[in-house]
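Hi,

Here is the structure I promised to send over.

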Amino acid sequence: LDHAQFILGPQVNQLERKLAEYVGVEHCITVANGTDALELTLTALGIGEGHEVITTPFSWISSAEAIATVGATPVFIDLDPSDPDFFLLDHRKIRRAITPRTRAVLAVSLFGRIADLAAIQAVLGDEELRKSRGCTQNIALIEDGAQSFGAMRNGVRSCGWHGSIGCTSFFPTKPLGCFGDGGAVFC
């Protein structure tokens, strides 16, 4: 309040540095909200019309909305109720959903539980699988960590998985809420 620089002021830079350090990544870029974080990430990856993004239907609408807003098609895969993470994306079902138009997987971490990003990344890194499905390009991994920010899985914090881009929301009902709205991208 002393300097009245509320947008992109020194406190924002300080927050970005502390958040990046907290999740263990090099960069944190704050944005207006979590939906913007997802849309900006998809846009930065060049995802748009004619592309597909594999995701879960069990999420707030922003996950699918961001995909549709950039012109891509959300491809929903079912969750597996026999899986202990049954509220999370089932990495085994990603294999069958990959097509030549697949450009990303948007994994949603919920209820303080992080999707099995290591298993998802292993599927996405399987070059033989991608080629057998007609997919010749790399497939990006994006984590929507709005409902799990601060949680850990295998020693890695939500939004800090190496090789992925993490997105979060600071809406007041999220694990790290703010007054009003906000979000961030981590890479």
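I'll begin with a loop: the one between β4 and α5 is where you'll find F111. Keep in mind throughout that this is a predicted model.

You'll find C159 in the loop between β7 (156-157) and β8. Is C159 buried or exposed? With a relative accessible area of 2%, C159 is buried.

**The sheet**

Now to the strands. There are 7 of them in an open sheet, and the order is β1-β9-β8-β5-β4-β2-β3, with mixed pairing. At the edges sit β1 (28-31) and β3 (73-76), each of which pairs on one side only. Going from one strand to the next, the twist averages 25°.

On one side, β5 pairs with β8 (residues 165-169) in the parallel sense, over 3 bridges. Within that pairing, I142 has I165 of β8 as its bridge partner, and D144 stands opposite C167 in β8. β5 also pairs with β4, again in the parallel sense, over 5 bridges. There, V105 is the residue opposite L141 of β5.

How many of the residues of β5 are buried? The count is 5 of the 5, so the strand is largely enclosed by the rest of the structure. As you'd hope to see, in a regular strand the side chains alternate between the two faces of the sheet. In β5, A140, I142 and D144 point one way while L141 and E143 point the other way, and all are buried. Note that this buried set includes D144 and E143.

β2 (52-55) has both faces covered as well: E52 and I54 are buried on one side, V53 and T55 on the other. Its pairing with β3 is parallel and runs over 4 bridges. To find that pairing on screen, look for V53, whose bridge partner in β3 is P74.

Which strands does α3 touch? α3 packs on the sheet and touches β2, β3, β4 (102-108) and β5, and its direction makes about 140° with that of β3. Helix α5 (residues 117-124) lies across β4 and β5, and runs at about 160° to β5.

Two packed helices are described by the angle between their axes and the distance between the axes. For α2 (residues 34-44) and α3 (residues 62-69), the angle is about 40° and the axes are 9 Å apart. The two helices are therefore oblique to each other, and their crossing is right-handed. As for who meets whom, T35, L38, E39 and L42 come from α2, while S62, S63, E65, A66, I67 and T69 come from α3. Sorted by class, that contact has 4 nonpolar, 4 polar and 2 charged residues.

S148 lies in the loop between β5 and β6 (152-153). What does S148 contact, once its neighbours within four places in sequence are left aside? The list is S109, G112, R113, I114, E143, S158 and P175. E143 is one of the buried residues of β5. S148 itself is buried, at a relative accessible area of 2%.

D90 is in the loop between β3 and α4 (91-97). D90 is buried, and its relative accessible area is 2%. If you want to line D90 up with another part of the chain, R157 is 67 residues away along the sequence, and the C-alpha atoms of the two are separated by 19 Å.

Cheers

Note on methods: Residues numbered from 1 in each chain as written. Predicted model: local features only at pLDDT ≥ 70, side-chain atom pairs only at ≥ 80, totals over all residues. Heavy atoms only, no water. Axes fitted to C-alpha atoms, helices over the stretch in contact; angles between N-to-C directions. Parallel < 35°, antiparallel > 145°, perpendicular 65-115°, else oblique. Left-handed = near helix turned anticlockwise from the far one by under 90°. Contact = heavy atoms within 4.5 Å. Nonpolar A, V, L, I, M, F, W, Y, C, P; charged D, E, K, R; others polar. Pairing = 2+ DSSP bridges. Buried < 20%, exposed > 50% of the residue type's maximum accessible area, 1.4 Å probe, protein only.
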